[in-house]
Amino acid sequence: MLRTSGDAAVDRGQFIDGAYDLSGSSRFAAVDPATGETAYWIHEASAEQVDRAVTAARKALKGPWGKLSAAERGAMLRKLAARIAERSADFLRAEIIDTGKPVEMASHLDIPRGAGNFNFFADLAPMALGEAFPMKTPDGGDALNYSLRQPRGVIAVVCPWNLPLLLMTWKVAPALACGNTVVVKPSEETPATATLLGEVMNEVGIPAGVFNVVNGLGAASTGEFLTSHPGVDGITFTGETVTGTAIMKAAAVGTRPVSFELGGKNPGIVFADCDLDAAIAGTLRSAFLNCGQVCLGTERVYVERSLYPQFVERLAATAKKLQVGDPFDKSTTLGPLISAGHREKVLGYYASAKADGAEIVTGGGIPDLEDRFANGSWIEPTIWTGLGDDAKVNREEIFGPCCHISPFDEEDEVVARANASPYGLAASLWTQNLGRTHRLAPQIEVGTLWVNSWFLRDLRASFGGSKQSGIGREGGLHGLDFYTEQRNVCIRF
Ligand SMILES: NC(=O)c1ccc[n+]([C@@H]2O[C@H](COP(=O)([O-])OP(=O)(O)OC[C@H]3O[C@@H](n4cnc5c(N)ncnc54)[C@H](O)[C@@H]3O)[C@@H](O)[C@H]2O)c1
Ligand SMILES: O=C/C=C/C=C(\O)C(=O)O
């Protein structure tokens with residue numbers, strides 16, 4: 001069997017119909033963001049290769065996969081999860097070389113959730129609810145309506161780079177559990193774990209063609225070839241809002257359904273009656289985990305005025321203790337940004353905050369790393385104060401390790417400021433006042449409101465964004481409406 005994984009330096013190409021194809025229309029370098037060095041080469045799938053992948057996926061729908069019961073599919077997905085766990089060292093290494101994320105984070109979050117997503121949806125899919133309605137016919141007879149849930153068909157899964165294995169499996173697991181087949185387009189920055197998963201699919205006997213991977217860029221490349229392919233029956237996408245718009249246009253041809261998890265500009269709201277230690281620790285995580293590259297991350301922090309000076313001082317003190325360095329070192333808590341290009345973008349926001357007159361409480365630049373890491377995409381964790389809500393860094397999604405903190409006086413004021421964004425993905429509220437929690441929960445326009453927590457995930461709960469942060473909800477039974485097609489059967493008897 002062709003192994004793509006153990007050796008992290010091996011090229012990544014396509015995984016189509018159960019076999020690797022290390023060719024493509026062009027190739028580009030995969031750069032390790034911690035060192036700036038080329039780690040391996042990625043081969044860009046041509047339109048013809050994407051067509052082969054979609055055709056393989058369609059054929060697999062009618063093969064042995066299509067004949068399995070939900071329980072049988074579930075059993076295979078549980079085996080897959082067990083195998084991911086057994087090979088976690090391979091997944092960990094692949095993920096860290098692609099992203100630079102600290103081993104401490106990837107070993108506790110990304111890789112276990114990669115396996116966990118398959119276990120969760122293996123258990124959940126057989127619970128997909130149907131409905132039944134007995135009725136009287138106009139002439140006094142009887143009829144019964146009942147619903148069947150069929151797999152939707154071939155699902156295109158288009159993924160971002162920030163949590164590659166976690167976010168890809170979050171979509172592939174329910175798609176497969178419901179009996180679909182998939183063609184995955186990982187981010188061009190992070191193809192390794194998705195490509196490796198093909199090998200594991202083969203190892204546990206998932207039939208060829210059920211899971212396919214095509215690598216390449218987005219617009220005018222593999223991503224667009226896939227989303228505009230007429231053989232795709234539905235598109236699930238996580239990424240930037242503007243990309244969502246482009247994909248939605250592609251999906252409009254053939255009126256294919258979409259499920260979108262998009263960008264955010266998430267507020268953290270801290271009341272003076274909060275548990276301050278918890279609020280500091282939670283806000284620190286929400287602003288800096290994964291070097292700030294989490295869609296749910298907090299970039300705008302509003303603190304009740306009486307607590308404001310103390311909060312700023314304490315958050316800055318903890319941010320200064322973040323440990324930048326070798327992602328494979330267990331004590332590292334802050335890795336590099338995903339790429340030199342993304343660092344340019346984030347540094348542009350750092351410059352914009354400075355030009356707008358922000359007080360730079362901590363950070364603002366590039367840390368000095370030596371030797372092997374001197375050319376990595378490192379950046380300092382940064383906290384600003386003093387800007388108005390209309391400043392660029394308070395309006396646009398930055399996706400870096402930074403936040404702006406400002407004071408507020410009234411509940412109504414902070415709700416209005418938190419909601420004054422075209423995004424509505426997530427918010428964190430820090431208070432010990434239960435009445436306030438219930439008063440504010442219906443008013444904050446987001447898909448997920450965390451109270452006294454952040455990124456605390458129950459996979460049964462709905463997950464998605466309001467406003468320009470998404471379309472539809474995945475998670476629990478909610479996603480099953482996207483991954484299955486309901487058929488109403490009306491029987492007159
Ligand atoms: N809401 C969520 O759950 C969630 C989770 C993670 C990331 N995100 C968002 O993702 C963004 C960061 O990820 P990113 O930079 O990889 O996003 P991106 O939108 O640039 O890219 C995502 C994927 O889309 C592909 N793509 C780009 N243009 C395309 C096109 N025209 N047609 C088809 N495919 C195309 C890319 O190749 C990549 O695979 C941030 O905005 C972040 O908020 C959202
Ligand atoms: O960067 C975004 C994080 C999204 C998280 C999930 O989709 C999840 O936890 O299922």
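This is a predicted model: local features need pLDDT of at least 70, side-chain atom pairs count only at pLDDT 80 or more; totals for chains, interfaces and linings use all residues.
Student: Which domains does the shell around ligand 2 draw on?

Tutor: That shell takes at least three residues from domain 1 (6–262 + 469–492) and at least three from domain 2 (266–457).

Student: And which residues are around ligand 2?

Tutor: They are Arg-113, Asn-162, Leu-163, Leu-166, Leu-167, Trp-170, Val-294, Cys-295, Leu-296, Phe-455, Arg-457 and Phe-463. By class, nine are nonpolar, one is polar and two are charged.

Student: Which helix gives the most to that shell?

Tutor: Helix α6, residues 164–177, gives the most, with three residues.

Student: What lies 2.7 Å from an oxygen atom of ligand 2?

Tutor: A polar side-chain atom of Arg-113 is at that distance. The side chain of Asn-162 also has an N or O atom 2.8 Å from an oxygen atom of ligand 2. With Cys-295, a polar backbone atom is 2.8 Å from a ligand 2 oxygen.

Student: How much of ligand 2 does the protein bury, then?

Tutor: Ligand 2 taken alone exposes 300 Å², and the protein buries 100% of that. The space that ligand 2 takes is the largest cavity.

Student: How many residues surround ligand 1, and which are the closest?

Tutor: There are 31 residues around ligand 1, and the closest are Lys-185, Glu-188, Thr-243, Leu-262 and Glu-397. The shell divides into 16 nonpolar, nine polar and six charged residues.

Student: How much of ligand 1 is buried?

Tutor: Taken alone, ligand 1 exposes 840 Å², of which the protein buries 92%.

Student: Which elements each supply at least two residues of the shell around ligand 1?

Tutor: They are α8 (222–227), β10 (234–238) and α9 (241–252).

Student: And which domains does the ligand 1 shell draw on?

Tutor: At least three residues come from each of domain 1 (6–262 + 469–492) and domain 2 (266–457).

Notes:
Residues are numbered from 1 along each chain as its sequence is written. Chains are lettered from A and ligands numbered from 1 in the order in which they are written. Side-chain values use heavy atoms; hydrogens and water are left out. A residue is near a molecule or strand if one of its heavy atoms lies within 4 Å of it. A polar contact is a pair of N or O atoms within 3.5 Å; within protein, one must be able to donate a hydrogen and the other to accept it, and residues adjacent in sequence count only if both atoms are side-chain atoms. Accessible areas come from the Shrake-Rupley method with a 1.4 Å probe; for residues, only the protein chains shown count as cover. On a 1 Å grid over the protein atoms alone, a cavity is a set of points where a 1.4 Å probe fits but cannot get out, and a pocket is an open set with protein on both sides within 12 Å along at least five of seven lines; lining residues have an atom within 4 Å of a point. A molecule sits in a cavity or pocket if more than half of its atoms lie within 2 Å of its grid points. Helices (H or I, at least four residues) and strands (E, at least two) are DSSP runs, numbered from the N terminus. Ala, Val, Leu, Ile, Met, Phe, Trp, Tyr, Cys and Pro count as nonpolar, Asp, Glu, Lys and Arg as charged, and the others, Gly among them, as polar. Domain bounds come from an automatic or database domain assignment.
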